[in-house]
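Hi everyone, and thanks for making time this morning. I'd like to walk you through one protein model, a few residues at a time. Please have a look at it first, and then we'll start.

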Amino acid sequence: MNHDLFGHMEQALITLQPGAFILRDFAGDCASQLWQDLQQVLSAAPWRHMQTPGGLTMSVAMSNCGRLGWVSDHAGYRYAVEDPLSGQPWPPMPPSFITLAESAAAKAGFDRFRPDACLINRYEAGAKLSLHQDKDERDFSQPIVSVSLGLPATFLFGGLKRTDPVLRTELHHGDVVVWGGPARLRYHGILPLKAGQHCTAGNARINLTFRAAG
Ligand code: MD3
Ligand code: FE
């Protein structure tokens, strides 16, 4: 927390790499609202473990809200307007999600960011996301905003080639990161989650990633 004597909030904008900005604890004050709205989304679009195109089951459980949702199956990775589990549109993005994502993007200099997709990832002990690039979106000039909730995780941030050196940073409950410009197509991943307990999220880390996908 960065309260000063007069009660103003100071939000540090840390540049991790050109185009990648960490806003430590930016979501701290609205986390309980986000959590409540997340439960509503999950009641309509529950957690599921998707299959990779190669037939492996992902260790991260996922859901989506917004007009478009990210899906993976034997046919590949893509954004879809319907939840394949229900055949229904994904639940709408709660206003608390939209406000947070747009204000974080604006803080990092992207004041026209209007997300149409929110991928929701859940990590339990051992779950990981191998180094990858996010390339399924239409316009790479739009940033991705990520919000971390619950248990901490080690984030891996590489270069534009899979073999480039990788930087590590810990992401904690309430941290928001904006990835745009030259950072947008960098390889990234999450190390296997360490077991733990978080007062709101229990044994899990939840990550919301906001995208302008369509
Ligand atoms: C850097 N999620 O959903 S969020 C993903 O914590 C994903 O669940 C991770 O990678 C998670 O695709 C990391 C941070 C993140 C998201 C998108 C990025 C970092 C990024 C896109 C480009 C560069
Ligand atoms: Fe990613």
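This is a predicted model: local features need pLDDT of at least 70, side-chain atom pairs count only at pLDDT 80 or more; totals for chains, interfaces and linings use all residues.

Is leucine 119 buried or exposed? Its relative accessibility is 6%, and buried means under 20%, so leucine 119 counts as buried.

Now to the metal. Which residues are the protein donors of the iron ion, ligand 2? They are His132 through NE2, Asp134 through OD and His188 through NE2. These donors lie 2.0 to 2.2 Å from the iron ion. Along the sequence, the spacing of the donor residues reads H-x1-D-x53-H. Aspartate 134 and histidine 188 link distant parts of the chain, 54 residues apart. You'll find aspartate 134 in the loop between strand 7 (129–132) and strand 8 (144–150), while histidine 188 belongs to strand 12, residues 188–190.

Let's stay with aspartate 134 for a moment. Its side chain makes a polar contact with the side chain of histidine 188, at 3.0 Å. The side chain of aspartate 134 also makes a polar contact with the side chain of arginine 211, again listed at 3.0 Å. Why does aspartate 134 count as buried? Because its relative accessibility is 10%, and the cut-off for buried is under 20%. Histidine 188 has a relative accessible area of 15%, so histidine 188 is buried too.

Next, ligand 1. How many residues surround ligand 1? The count is 20, and the closest are Asn121, Tyr123, Arg184, His188 and Arg205. Where does ligand 1 sit? You'll find it in the largest pocket.

Let's zoom in on some oxygen atoms of ligand 1. One lies 2.6 Å from an N or O atom in the side chain of tyrosine 123. For asparagine 121, a polar side-chain atom is 3.0 Å from an oxygen atom of ligand 1. For asparagine 207, the distance between a side-chain N or O atom and an oxygen atom of ligand 1 is 3.3 Å. Taken alone, ligand 1 exposes 500 Å², and the protein buries 98% of that.

Which strands build the shell? Strand 6 (117–123), strand 7, strand 8, strand 9 (153–157), strand 12 and strand 13 (205–211) each supply at least two residues of the shell around ligand 1. Strand 13 gives the most, with 4 residues.

Aspartate 25 sits in the loop between strand 2 (20–23) and helix 1 (31–44). Most residues other than glycine have a negative phi. Aspartate 25, though, has a positive phi, near 65°.

The other is cysteine 199, in the loop between strand 12 and strand 13. Is cysteine 199 buried or exposed? With a relative accessibility of 78%, cysteine 199 counts as exposed. From C-alpha to C-alpha, cysteine 199 and glycine 150 are 7.8 Å apart in space, although 49 residues apart in sequence.

Terms used
Residues are numbered from 1 along each chain as its sequence is written. Chains are lettered from A and ligands numbered from 1 in the order in which they are written. Side-chain values use heavy atoms; hydrogens and water are left out. Donors are N, O and S atoms within 2.8 Å of the metal (3.2 Å for Na, K and Ca); water is not among the atoms, so sites may look incomplete. Buried means under 20% relative accessible area, exposed over 50%, partly exposed in between (1.4 Å probe, protein chains only). A residue is near a molecule or strand if one of its heavy atoms lies within 4 Å of it. A polar contact is a pair of N or O atoms within 3.5 Å; within protein, one must be able to donate a hydrogen and the other to accept it, and residues adjacent in sequence count only if both atoms are side-chain atoms. Accessible areas come from the Shrake-Rupley method with a 1.4 Å probe; for residues, only the protein chains shown count as cover. On a 1 Å grid over the protein atoms alone, a cavity is a set of points where a 1.4 Å probe fits but cannot get out, and a pocket is an open set with protein on both sides within 12 Å along at least five of seven lines; lining residues have an atom within 4 Å of a point. A molecule sits in a cavity or pocket if more than half of its atoms lie within 2 Å of its grid points.
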